[in-house]
Amino acid sequence: MTFLGYERPNGSVGARNHVLVLPPGIIADQICHFVRGTKTVMSADSGSGRTRNDRATIARTWVGLGCNPNVASVIIHGASLGGAYPELRADTLADRIARTGKRVETLHVEGDDTLDAISEGIRRARAMVHEASKLRRRPFSDACLSLGVKCGASDTTSGIAGNPVIGYVFDKLVQAGGTAFFGETTEIIGAEHLLAKRGVDDTVAHAIVDAARRVDEKAKATGQDIRTINPVPANIAGGLTTLEEKSLGAIHKSGSMPIQGVLQYSERPTGRGLYFVDNWMTMTSIFMGYAAAGAQLVLFQLGGGGLMSDAIFYTSGGVVAPLLWTTANQKTRDRAGWLLDVYSGTVIEGTETISEVGERLYHTILDVASGTMTKSETLTRITPNQVYTQEPMF
Amino acid sequence: MYVRMNMTSKRALILNAKDNVATVTEDVEVGDVIMAALERDLRPVTAVENIPFGFKVALTNLAKDAPVYKYGEPIGKASQPIRKGALVHIHNVEGLRGRGDLARAETAP
């Protein structure tokens, strides 16, 4: 099957055609306020006071977003607080992104005057957006697509219908030659043995079990029952009783294909197929990580039965990757259906099968990849994101 | 086994033959007969308390510490005896993983 995308110099194919401005901060913000067609990240984390590993993660995330096929060209400014660390220097970031062959410009201004940097950035961003607009979409195979998924505010409809429908889509995409990411290491605890069986080799199987064990050990070190943390209150209010129950439902979103590898947050895979990402569940982090790993589109499979409000819908977590919402909970659909992209609760109602809804979702994904907006994409608001760092701050 | 369907019967889903709980797919009131379906196989259970949409009902009596199965896998153990037809949730089931509270108890002097 095909979608209409933008071809990049390295052969990757974008579902969008953004100009990205990084690192986060006032300069990037103001350029993006002024120039349509631009994107940036809203984050307070510059990398300052972070360990080498955490700085490497931050750098990998900014570089990954720049390399994402949805990005036509990139501006990197040199005025970030963390920008004096070697791995976060503007030139270093720009060089790494430029390997994709796309246009990358660094913004250094005489005397490092912030207002001068903003005005110069606006001039360049306008030129880059104008240039990008000359590109035309052409048909490409769905094998060029990468998807990332998170299940959230999960309830018992998630494991029974919502996640299995995502799993159907993942299987179909992987069989077509595409790439799919799932993760949320806390939410494989109790189900890791089932995922390990699907590792392509023993190394992958062990890496999956090890990832779950590390989180289990961290949980034990807190001295708290993990159920007072995760499953989160919305999960419990939606009928999920233990972390194991949540995990056993959550892994259905991975489908049934072999798992090619275990990736770190925002790490780009070396091949195609299905990957487990050792990441953290929060929507302010996970979607940006998938986008940095190359996903052109990210999916949020919502339970929602235990949610206190619909504020969760007003997010832009994927930064350059559109966010598509699904739910299988009829009460969530009745309450907030106009904010959602695909409803899969018909599986529970018995009026559609998992494969029927899965086909519907797959076509929606190809439509979105071809330019149709997701519901959340119609918002101008940019929500804060956080890079998933794991080491102490100093 | 022939089971008479009537207006008060409610739906629930059993996800694996090994499971001892089912997920109700509509709000259930005490006294309702729940037809818990494992594919086409229907198992009746009478609710002994109200069970909201999406919550779990016990398909058998469970002794304290008995494993609770869903998806054919253990999701925890009964923290107290659970009657057939009762709501199964955090008040009568505890998880076995990520139990920092127990780890602390073990290492306490």
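# A walk through chains A and B

Let's start inside chain A, where strand E8 (residues 146–152) and E9(A) run parallel, joined by three bridges. If you want to find this pairing on screen, look for Ser146(A), whose bridge partner in E9(A) is Thr179(A). Keep in mind that what you're looking at is a predicted model.

Now stay with E9(A) for a moment. In a regular strand the side chains alternate between the two faces of the sheet. You can follow that here: Thr179(A) and Phe181(A) lie on one side of E9(A), while Ala180(A) and Phe182(A) lie on the other. Are these four residues buried or exposed? They are all buried, and both faces of E9(A) are covered.

Next comes strand E11 (residues 273–278) of chain A. E9(A), which covers residues 179–182, runs parallel to E11(A), and four bridges join the two. Here Phe181(A) stands opposite Tyr275(A) in E11(A). E11(A) also pairs with strand E10 (residues 259–264) of chain A, again in the parallel sense, over five bridges. On that side, look for Gln264(A), which faces Asp278(A) in E11(A). Why can we call E11(A) largely enclosed by the rest of the structure? Because six of its six residues are buried.

One more stop in chain A is Gln301(A), a residue of strand E12 (residues 297–302). Buried means under 20% relative accessible area, and Gln301(A) comes out at 0%, so it counts as buried. What does Gln301(A) touch, leaving aside residues up to four places away in sequence? Its contacts include Lys150(A), Cys151(A) and Gly152(A), as well as Asn163(A), Thr326(A) and Ser344(A).

Time to cross over to chain B. Here you'll find an open sheet of three strands in the order E6-E7-E9, with antiparallel pairing. Strand E6 (67–70) and strand E9 (93–94) of chain B are the edge strands, each pairing on one side only. E6(B) and strand E7 (residues 73–78) are linked by four bridges in the antiparallel sense, and Pro67(B) stands opposite Lys77(B) in E7(B).

What lies across E6 and E7 of chain B? That would be helix H9 (residues 243–250) of chain A, which runs at about 165° to E7(B). H9(A) is mostly covered, with eight of its eight residues buried. Among them are Leu243(A), Glu245(A) and Leu248(A).

In total, 29 residues of chain B are in contact with 35 residues of chain A. The size of an interface is often given as the accessible area lost when the parts come together. Between chain B and chain A, the buried area is about 2,600 Å², and carbon and sulfur atoms give 56% of it. Which three residues supply more than any other three of the area that chain B buries? They are Phe53(B), Tyr71(B) and Arg97(B), which together supply 27%.

There are polar links between the chains too. Between chain B and chain A, 22 residue pairs are in polar contact, and the count of salt bridges is six. In one salt bridge, the side chain of Lys56(B) meets that of Glu245(A) at 2.9 Å, N to O. On the side of chain B that touches chain A, strand E1 (10–13), E7, E9 and helix H1 (100–107) each supply at least two residues. H1(B) gives the most, with four residues.

Note on methods: Residues are numbered from 1 along each chain as its sequence is written. Chains are lettered from A and ligands numbered from 1 in the order in which they are written. This is a predicted model: local features need pLDDT of at least 70, side-chain atom pairs count only at pLDDT 80 or more; totals for chains, interfaces and linings use all residues. Side-chain values use heavy atoms; hydrogens and water are left out. Two strands pair if DSSP finds at least two bridges between them. Contact means heavy atoms within 4.5 Å. Axes are lines fitted to C-alpha atoms, for helices over the stretch in contact, and angles run from 0 to 180 degrees between N-to-C directions. Buried means under 20% relative accessible area, exposed over 50%, partly exposed in between (1.4 Å probe, protein chains only). Buried area is the accessible area (1.4 Å probe) that two parts lose on being put together, summed over both. A salt bridge is a side-chain nitrogen of Lys or Arg within 4 Å of a carboxyl oxygen of Asp or Glu. A polar contact is a pair of N or O atoms within 3.5 Å; within protein, one must be able to donate a hydrogen and the other to accept it, and residues adjacent in sequence count only if both atoms are side-chain atoms.
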